[in-house]
Amino acid sequence: LGGGSNRAWADPGMTNLAAGKTATATRSDFGGTPEKGVDGNRDGNFGNGSVFYENADPTPGATSYFYQVDLAQNSYVNRVQFLPRTDADQNVFGNFNISVFPDDGAGNPAAVPSFSQNYNSTYFSNSFATVDPGTAAPGGANGRFVRITRLDTNFWLTFAEMEVIGSSAPLQ
């Protein structure tokens, strides 16, 4: 599942559901605000203004850091892919939980995700990360909110783009 960032793709009939949607995070630093991770711009050079950046607190017992995108409606998720920074190799892909939460009926994430899986640092390469929640359920993992949560106290979470590949209709 590793490889260069040129491996990011979408199957026919699917799009990047996250582009231009509302993103939130535990915090952001150095001007790398949450919306920059879903702006549709794959430019990984931080200096060009399209990279999300969050500094984590390495103190034991510190808050679990997360980044979440609201797809604005329940959708069918095939794949979640992260495109890296290109100006620095910070080895940030790994020791994460990725979850897809349906809408609870009030515009918030449901208490129980439709998909949730932990990934260790050996699962992802340094340069590109992708997971396939669509294989977890017929038609794809259904949800409105897609969240990545850091499971360790690495010092940061940064990427050029979080793409949620899927469709508003069940996947074939």
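Rings of Phe, Tyr and Trp (its six-membered ring) count as an aromatic pair if their centres lie within 6.5 Å; planes under 30 degrees apart are stacked, over 60 edge-to-face, and the rest tilted. By that rule, the structure holds 4 aromatic pairs. This is a predicted model: local features need pLDDT of at least 70, side-chain atom pairs count only at pLDDT 80 or more, and totals for chains, interfaces and linings use all residues. Residues are numbered from 1 along each chain as its sequence is written, and side-chain values use heavy atoms, with hydrogens and water left out.

**View A. Phenylalanine 52 and tyrosine 67 form a tilted aromatic pair.** Their centres lie 4.6 Å apart, with 55° between the planes. Phenylalanine 52 is in strand β3 (residues 52-55) and tyrosine 67 in strand β4 (residues 66-83), so the pair ties together parts 15 residues apart in sequence. Strands here are DSSP runs (E, at least two residues), numbered from the N terminus. Both phenylalanine 52 and tyrosine 67 are buried (under 20% relative accessible area; exposed is over 50%, partly exposed in between; 1.4 Å probe, protein chains only).

**View B. Phenylalanine 82 and phenylalanine 159 pair edge-to-face.** The figures are 5.4 Å centre to centre and 70° between the planes. Phenylalanine 82 belongs to strand β4 and phenylalanine 159 to strand β9 (residues 156-159), so this pair ties together parts 77 residues apart in sequence. Phenylalanine 82 is buried at 1% relative accessibility. Phenylalanine 159 is buried at 0%. Phe52, Tyr67, Phe82 and Phe159 form one aromatic cluster.

**View C. The largest nonpolar core has 25 residues.** Such a core is a set of buried Ala, Val, Leu, Ile, Met, Phe, Trp, Tyr and Cys residues joined through side-chain atoms within 4.5 Å. Tyr67, Val146 and Met162 have the most contacts inside this core. Elements giving two or more residues to this core include β2 (22-25), β5 (96-101) and β8 (141-150). β4 gives the most, with 6 residues. Contact means heavy atoms within 4.5 Å.

**View D. The charged end of arginine 147 sits over the ring of phenylalanine 66.** The distance to the ring centre is 5.3 Å. The criterion is NZ of Lys or CZ of Arg within 6 Å of the ring centre and within 35 degrees of the ring normal.

**View E. Proline 170 lies in the segment after β10 (161-167).** Proline 170 is partly exposed, with a relative accessible area of 48%. Leaving aside neighbours within four places in sequence, proline 170 contacts Tyr76 and Gly139.

Technical notes:
Helix = DSSP H or I, 4+ residues; strand = E, 2+ residues; numbered from the N terminus.
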